[in-house]
Amino acid sequence: MTGSARVLLDLAVDGTESMGELGARLAAVLRAGDLVVLTGPLGAGKTTLTRGLGAALGARGQVSSPTFVLARTHPTTAGPDLVHVDAYRLSDPVELDDLDLDWDAAIVVVEWGRGMVDGISDSVLDVEIVRATGADAGSDAAEDTDPDDVPDEPRRVVVTATGPRWAGVSL
């Protein structure tokens with residue numbers, strides 16, 4: 001990421017519904033070519049935030065964690081497609097590049113993308129989600145459950161904008 005970073009938002013989110021609402025709030029400022037990186041532990045709410053974003057954009061299909069398929073493209077009623085990527089299983093940025101995503105024409109959301117998307121865009125919206133307890137929701141969860149489907153608890157969300165695209169944008 002190039003350019004100076006600027007915190008657009010630093011807030012407490014009290015649960016699943018509020019995390020989805022935050023996704024809708026982010027959707028209001030997103031457009032084709034935007035890159036959003038989501039960072040946080042298992043169960044932090046990355047997929048929940050993306051579901052809210054997808055709902056606000058009118059995304060077709062269920063927005064769920066793309067952990068095993070790596071990327072899902074959701075056409076939207078709002079214009080650009082929503083591409084939801086999970087980089088957790090990728091070992092390096094070359095593997096992300098091999099997915100041949102349409103970075104310019106879509107809104108691309110990359111879970112576990114920090115350090116994987118460097119050089120893709122000079123403008124990035126970085127969303128860090130911190131669980132107050134620091135618990136790892138995946139440790140006792142059944143393998144077929146979504147790690148974001150954990151009991152509601154407060155989270156801290158920090159949205160940092162880097163690059164010229166985000167100059168003058170506020171949330």
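Where is the place of leucine 70? I looked this up first. Leucine 70 is in the loop between α2 (46-57) and β3. Its phi is near 75°, a positive value in a residue other than glycine. I note the background: most residues other than glycine have a negative phi.

**Ground rules**

I work on a predicted model, where local features need pLDDT of at least 70, side-chain atom pairs count only at pLDDT 80 or more, and totals for chains, interfaces and linings use all residues. Residues are numbered from 1 along each chain as its sequence is written, and side-chain values use heavy atoms, with hydrogens and water left out.

**Elements**

I counted three helices and seven strands in the protein. Helices (H or I, at least four residues) and strands (E, at least two) are DSSP runs, numbered from the N terminus. Starting at the N terminus, the order reads β-α-β-α-β-β-α-β-β-β.

I checked burial next. Of the 171 residues in the protein, 48% are buried. Buried means under 20% relative accessible area, exposed over 50%, and partly exposed in between, with a 1.4 Å probe and protein chains only.

Then I went to contacts, meaning heavy atoms within 4.5 Å. Taking contacts between residues at least 6 apart in sequence, 72% join residues at least 24 apart.

**Sheet**

In what order do the seven strands of the open sheet stand? I read β1-β7-β6-β2-β5-β4-β3, with mixed pairing. Two strands pair if DSSP finds at least two bridges between them. The edges are β1 (5-13) and β3 (71-74). Each has a single partner strand, so one side of each is left without a neighbour in the sheet. Neighbouring strands are turned by 15° against each other on average, direction ignored. Axes here are lines fitted to C-alpha atoms, for helices over the stretch in contact, and angles run from 0 to 180 degrees between N-to-C directions.

I followed β7 (residues 155-162) in detail. It pairs with β1 in the antiparallel sense over eight bridges. Alanine 12 stands opposite arginine 156 in β7. Valine 7 has threonine 160 of β7 as its bridge partner. β6 and β7 also run antiparallel, joined by eight bridges. There, valine 124 has threonine 162 of β7 as its bridge partner. Seven of the eight residues of β7 are buried, so this strand is largely enclosed by the rest of the structure.

I also looked at helix α1 (residues 16-27), which packs on the sheet and touches β1, β6 and β7. The direction of α1 makes about 150° with that of β1.

**Cores**

Which residues touch the most other members of the largest nonpolar core? I found Leu53, Leu125, Val127, Val157 and Val159, in a core of 27 residues. A nonpolar core is a set of buried Ala, Val, Leu, Ile, Met, Phe, Trp, Tyr and Cys residues joined through side-chain atoms within 4.5 Å. At least two residues each come from β1, α1, β2, α2, β5, β6 and β7. The largest share, four residues, comes from α1. Apart from this core lies another, of 15 residues, among them Val85, Ala87, Leu90 and Val117.

I listed contacts of valine 127, not counting residues up to four places away in sequence; they include Leu26, Leu49, Thr39 and Val157. Threonine 39 is in strand β2 (residues 35-39). Is threonine 39 buried or exposed? At 17% relative accessibility, threonine 39 counts as buried. With the nearby-sequence residues again not counted, threonine 39 touches Lys46, Arg114, Asp126, Val127, Glu128 and Ile129.

**Rings**

I searched for aromatic pairs: rings of Phe, Tyr and Trp (its six-membered ring) with centres within 6.5 Å, stacked if the planes are under 30 degrees apart, edge-to-face if over 60, and tilted for the rest. The count is one pair. The ring centres of tyrosine 88 and tryptophan 112 are 4.8 Å apart and the planes are at 55°, so the pair is tilted. The two residues are 24 apart and link distant parts of the chain. Tyrosine 88 is in the loop between β4 (82-86) and α3 (93-97). Tryptophan 112 is in the loop between β5 (107-111) and β6 (124-131).

Tyrosine 88 counts as partly exposed at 47%, and tryptophan 112 as partly exposed at 25%. Tryptophan 112 has a phi near 60°, a positive value in a residue other than glycine.

My last entry is a charge over a ring. The charged end of arginine 165 sits over the ring of tryptophan 166, 4.1 Å from its centre. The rule asks for NZ of Lys or CZ of Arg within 6 Å of the ring centre and within 35 degrees of the ring normal.
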